[in-house]
Structures are given as structure tokens and as C-alpha cells.
Amino acid sequence: MKTNFKSLFSGKKRNRTVSFALVIVLYVVLMILSVSGVLGRKYSSLLVPVCCYIVAALGLNMNVGISGELNLGQAGFMSIGAFTAVIVSGMMNLGGSANGIVVLIVSMLVGTLAAGVFGWLISVPVLKLEGDYLAIVTLAFNQIIVSLLNNMYLGVDGSGLHFSFITNSVQLGDGGKMLVSGPMGATGVRTVSNFTAGFLLIVIALLVIYNLIYSKSGRAIEACRDNRIAAETIGIPVARTKTLAFVVSAALAGAAGALYALNYSSFAASKFDFNLSILILVYVVLGGLGNMTGTIIATTLLVVLPEALRFLSTYRMLIYAIVLVVIMIVSNNPKMKEKLRALKPRSRKETAHVE
């Protein structure tokens with residue numbers, strides 16, 4: 001038992017153990033603070049959004065950090081998951097209130113699947129590109145999705161779904177309701193999301209990512225990232241391997257979007273514009289490419305920081321920008337990296353080698 005316990009903190013398993021331990025500790029502490037009323041209403045309202053952004057950032061880190069593909073369309077996949085969840089939730093709640101937990105699970109599953117399917121469809125042409133071209137195409141995809149959702153009108157009644165585009169020509173029967181109202185976005189959404197669901201989603205995301213990274217497919221993804229030509233020469237199907245990472249990233253973003261959507265009674269498609277994609281990329285970069293624990297910490301701090309600085313009024317965003325620049329400089333400082341490496345405990349092999 002002693003050996004097994006030590007093995008959890010050795011090699012690659014250490015990163016996985018630290019990530020899960022951090023998430024569990026944060027969940028327990030925040031739940032205690034929230035239930036006791038210490039956390040306050042302002043910060044309690046951020047618990048679910050923070051979970052959503054963490055999952056979306058973890059998915060993007062899988063794409064950018066592990067696969068090495070610069071994806072600027074993560075918010076677009078979030079919007080697909082969000083509006084799919086709204087439609088499914090609206091259909092399930094028509095004519096009565098279905099069980100909240102069932103609605104949440106089914107809506108998130110369908111939203112995740114929808115985003116994953118779109119990720120697969122987009123990956124076919126997109127992954128033939130590299131570098132800046134890939135970033136531009138994914139960014140364009142994000143804007144196209146947001147524009148389409150901004151012009152979509154969709155309602156549901158006893159006879160099914162009713163859809164119109166650009167102009168609202170939806171005619172609903174008795175008991176029907178609008179689910180998506182063009183620029184106004186989703187309205188009348190039943191809020192069923194909660195912090196526990198967000199915590200479980202983060203745990204599931206970490207399980208999916210770490211199991212993929214430490215598998216044969218994960219090693220193939222890293223090989224394609226490091227040297228595409230060498231990977232092809234040893235028989236790795238590069239296109240299929242990169243598609244796997246892209247689809248996993250898109251599916252996690254869809255799940256995050258679904259959870260986010262069911263946390264608010266209304267929201268607009270403009271929430272998921274390219275600014276959100278850039279913001280999620282900032283979380284990933286500051287947390288460290290390929291570093292899931294760092295992504296969790298960076299996302300949490302950077303989502304909470306603007307609210308913590310709100311008392312500074314117009315100066316809060318200036319200070320927020322300064323903090324981002326300082327963190328970027330420090331995290332990319334070679335001397336600081338050496339100091340951080342020195343703080344890490346050495347394994348037995350490293351100690352024996354030094355001796």
C-alpha cells in the first residue's frame with residue numbers, strides 16, 4: 001500500500017493526482033464557504049461560470065498544448081453546445097417541468113455530441129492548414145456560428161419545432177414558447193445548472209484528457225505535434241490523430257457551453273464571440289501549454305479577478321491588463337522557470353544520478 005501511494009506522486013501520475021486533488025479541495029472549501037454565507041452572493045454567482053470556463057480551457061489546452069494546433073474557435077463550439085442545450089431543455093419542459101437533473105444531463109449530453117459532430121466536420125478541411133492559417137479559419141468559423149445564431153428564430157409547441165431565419169415568422173400554437181429570438185438570444189431558459197454539476201464536469205474532463213494523453217493515442221498526438229514528417233514515416237495516421245484531439249476539444253467546449261446556458265434564464269449569442277475565444281486562449285497560455293493544473297488555477301484567478309477589482313470602477317480593467325502582462329513576463333522568465341524546477345522534488349533516479 002505504501003508503494004502504491006508513492007506511485008501516485010511519481011512521474012506522469014503526479015500531474016494527474018495534483019489536478020484531481022486541487023479540484024476536490026477547491027470544491028469542498030467553496031461549498032463550505034457558500035453554504036455558510038461567507039462567500040457572498042457575488043462570488044457564489046461565479047461558481048458555475050468558472051467551472052464552464054475551466055472545462056472550455058482544458059479542452060483548448062488539449063488542442064493547443066498537446067496537439068499543437070492553434071484553435072481560435074473554442075467559443076463557437078461553446079455556443080453550439082449552449083443553444084443545443086437550450087433547445088433540448090425547452091422541448092423537455094414543454095407542457096410541464098421535467099426533473100431538473102434529467103433535463104441537465106440529457107441537455108449536456110446532446111450539447112456535447114452536437115459540438116463534437118461540428119468539431120469533426122470542421123476538422124476535415126481545417127486540419128489541412130497549419131499555423132496562422134488554421135487560427136484564421138477557426139476564428140472565422142466562430143464568427144459565422146455567432147452570426148447564424150444572431151439571426152435564428154426558433155420556437156416549440158405541441159406540434160414540434162418551428163424555425164425561421166433573419167425575420168421572425170414563427171407561428172406558435174397554444175402553450176408554445178420561443179426558445180431562440182434572434183439578437184435577443186435564448187429567453188425563458190429553465191436554470192438547472194449548479195456548482196456540483198460543474199465540479200463533476202471538470203472531473204470528467206480531466207479523466208478524459210489524462211486518459212487520452214497517457215494512452216497510445218496521446219503519444220501519437222504528441223508525436224504529430226513534435227514532428228509531423230517523422231510521425232508519418234513510422235505509420236502514425238496524422239490526420240486521424242489530430243482530428244481526435246480537435247473533436248475532444250470541441251466536445252468539452254460544447255459541454256461547458258451547455259452547462260453555462262442552463263445557468264442563466266437568458267443570454268445572447270454575442271456572448272460567444274471571438275473575444276471569448278481569445279480570453280480562453282489567455283487562460284491556457286498563462287496556465288501553461290499542456291499543463292492542466294496550471295490551466296485550472298489561471299482560469300479561476302482570471303475569472304474572479306475582474307469582479308474582485310470592481311470596486312476600482314474604471315481602473316479595474318487597466319489593473320487587470322497590467323496583472324496579465326506581469327504574469328506573462330514572470331511565467332516566461334528563464335530564471336523563474338529554473339527556480340520553479342529547483343522547488344520540484346526529485347525522483348530517486350535523478351537523485352542517484354546527481355550523487
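**Notebook: cores, helices and a hairpin**

I began with the nonpolar cores of this predicted model. The largest one has 94 residues, and the residues with the most contacts inside it are Leu58, Met62, Phe83, Leu206 and Phe272. A second, separate core has five residues, among them Ala220, Cys224, Ile236 and Val238.

**Helix 4**

I looked up the limits of helix 4: residues 47–66. How many of its 20 residues are buried? I found 20 of 20, so the helix is mostly covered, with buried meaning under 20% relative accessible area. I checked the length next. At 1.5 Å a residue, the 20 residues should span 28 Å. The end C-alpha atoms are 27 Å apart, which agrees. I also looked for a bend and found one of about 25° at Leu60. After the helix comes Gly68, with a positive phi near 80°.

I took Leu58 for a contact list. Setting aside residues up to four places away in sequence, Leu58 touches Ile202, Ala205, Leu206, Ile209, Met292, Thr295 and Ile296. Of these, Leu206 is also listed among the residues with the most contacts inside the largest core.

**Thr241**

I placed Thr241 in helix 11, residues 238–261. Is Thr241 buried or exposed? Its relative accessibility is 9%, so Thr241 counts as buried, the cut-off being under 20%. Beyond four places in sequence, Thr241 is in contact with Ser217, Ala220, Ile221, Cys224 and Ile236. Ala220, Cys224 and Ile236 are also named in the second core.

**Tyr320**

I found Tyr320 in helix 14, residues 316–331. Tyr320 is buried, because its relative accessible area is 7%. Leaving out neighbours within four places in sequence, I listed its contacts: Leu279, Tyr283, Leu302, Leu305, Pro306 and Leu309.

**The strands**

I turned to strand 1 (residues 152–157) and strand 2 (residues 160–165). How do they run, parallel or antiparallel? They run antiparallel and are joined by six bridges. Two residues lie between them, and the two strands form a hairpin. Which residue of strand 2 is the bridge partner of Tyr153? I found Ser164.

Terms used. Residues numbered from 1 in each chain as written. Predicted model: local features only at pLDDT ≥ 70, side-chain atom pairs only at ≥ 80, totals over all residues. Heavy atoms only, no water. Helix = DSSP H or I, 4+ residues; strand = E, 2+ residues; numbered from the N terminus. Buried < 20%, exposed > 50% of the residue type's maximum accessible area, 1.4 Å probe, protein only. Contact = heavy atoms within 4.5 Å. Expected span 1.5 Å × (residues − 1). Bend = angle between axes of the 7 residues up to and from the residue. Pairing = 2+ DSSP bridges. Core = buried A, V, L, I, M, F, W, Y, C linked by side-chain atoms within 4.5 Å.
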